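Thanks for making the time this morning.

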Amino acid sequence: MAEPATDTILVLNGPNLNMLGTREPEKYGHATLADVEVLCRETAAGFGLKADCRQSNREGELIDFIHEAHARKMKGIIINAGGYSHTSIALHDALLAVQIPTVEVHVTNIHARESFRHHSYTARAAFASLCGFGIEGYRLAIQGLAAKLAIKPKA
C-alpha cells in the first residue's frame with residue numbers, strides 16, 4: 001500500500017523537459033528543470049502543500065506516476081506532458097480515470113506554433129490549461145489549483 005500524501009501535488013513533466021535550459025532556449029528560455037522544480041516546491045509550500053516533482057521521457061512511466069498519485073491520495077496534478085499532450089490518448093485516459101484535479105501547463109504558446117501542437121488530449125482531461133507564460137506558468141498553475149481546492153495562501 002502506497003503511503004498517503006494528502007498534502008501533496010504531483011508536478012509531472014514529460015519528454016524532453018529534462019532538456020530545459022539547453023533545448024531551443026529562444027523558445028523555452030534558459031531556466032532548467034531544476035529551476036522549475038524549485039519554483040514549484042516554493043509555490044506549493046506557500047499553500048502548505050508539498051510538490052512531488054517527476055519527469056519521464058516514457059509514456060508508460062508517466063501513466064504509472066498518475067496512478068501512484070491516485071493511490072497516495074494526492075490533492076492535485078500539474079502536468080506538462082510535452083509532445084505527448086498532442087498524441088497520448090493513454091495519458092488523457094489515465095488523468096480521467098484518477099479523477100484528481102489537474103492543470104495542464106506548456107512553457108510556450110502551443111497555439112502560436114506548428115498546427116500539430118494546437119490540439120491537446122491532456123487539456124481535455126484537465127480543468128484548466130496554461131501556455132505561453134514560460135516557467136511562470138507552473139506557479140500560476142499551482143495558484144489556480146490551490147484556488148480550485150479552496151486552499152488559501154499561508155501567512
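With which residue does Asp52 form a salt bridge, and how far apart are the closest N and O atoms? Before I answer, please keep in mind that this is a predicted model. The partner is Arg54, and the closest N and O atoms of the two side chains are 2.9 Å apart. Asp52 is buried, and Arg54 is buried as well.

Asp52 also meets the side chain of Arg72 in a salt bridge, this time at 3.3 Å from N to O. That pair links distant parts of the chain, since Arg72 sits in the loop between H3 and S3 while Asp52 belongs to strand S2, 20 residues apart. Arg72 has a relative accessibility of 17%, so it counts as buried under the 20% limit, and Asp52, at 15%, therefore falls in the buried class too. If we widen the view, Asp52, Arg54, Glu68 and Arg72 are linked in a network of salt bridges.

A search of the whole structure finds seven salt bridges, and one of them, between Lys50 and Asp7, has its closest N and O atoms 3.5 Å apart. Here too distant parts of the chain are linked, with Lys50 in strand S2 and Asp7 in the segment before S1, 43 residues apart. As for accessibility, Lys50 counts as exposed at 52%, whereas Asp7, with a relative accessible area of 29%, is partly exposed.

Let me turn to helix H3, which comprises the 13 residues 59–71. At 1.5 Å a residue it should span 18 Å, and its end C-alpha atoms are 19 Å apart, which agrees with that expectation. Within H3, the residues Leu62, Ile63, Phe65, Ile66 and Ala69 are buried. Why do they lie on the same side of H3? Because they cover an arc of only 155° around the axis, they are placed on the same side of the helix. The elements against which the buried residues of H3 pack are strand S1 (8–13), strand S2 (50–55), strand S3 (76–80) and helix H4 (89–98). Just after H3, Lys73 takes a positive phi of about 60°.

Finally, a word on the rings. The count of aromatic pairs, taking ring centres within 6.5 Å as the criterion, comes to zero.

Definitions and conventions
Residues numbered from 1 in each chain as written. Predicted model: local features only at pLDDT ≥ 70, side-chain atom pairs only at ≥ 80, totals over all residues. Heavy atoms only, no water. Helix = DSSP H or I, 4+ residues; strand = E, 2+ residues; numbered from the N terminus. Expected span 1.5 Å × (residues − 1). Buried < 20%, exposed > 50% of the residue type's maximum accessible area, 1.4 Å probe, protein only. Arc of directions from axis to C-beta. Contact = heavy atoms within 4.5 Å. Phe/Tyr/Trp six-rings, centres within 6.5 Å; stacked < 30°, edge-to-face > 60°. Salt bridge = Lys/Arg side-chain N within 4 Å of Asp/Glu carboxyl O.
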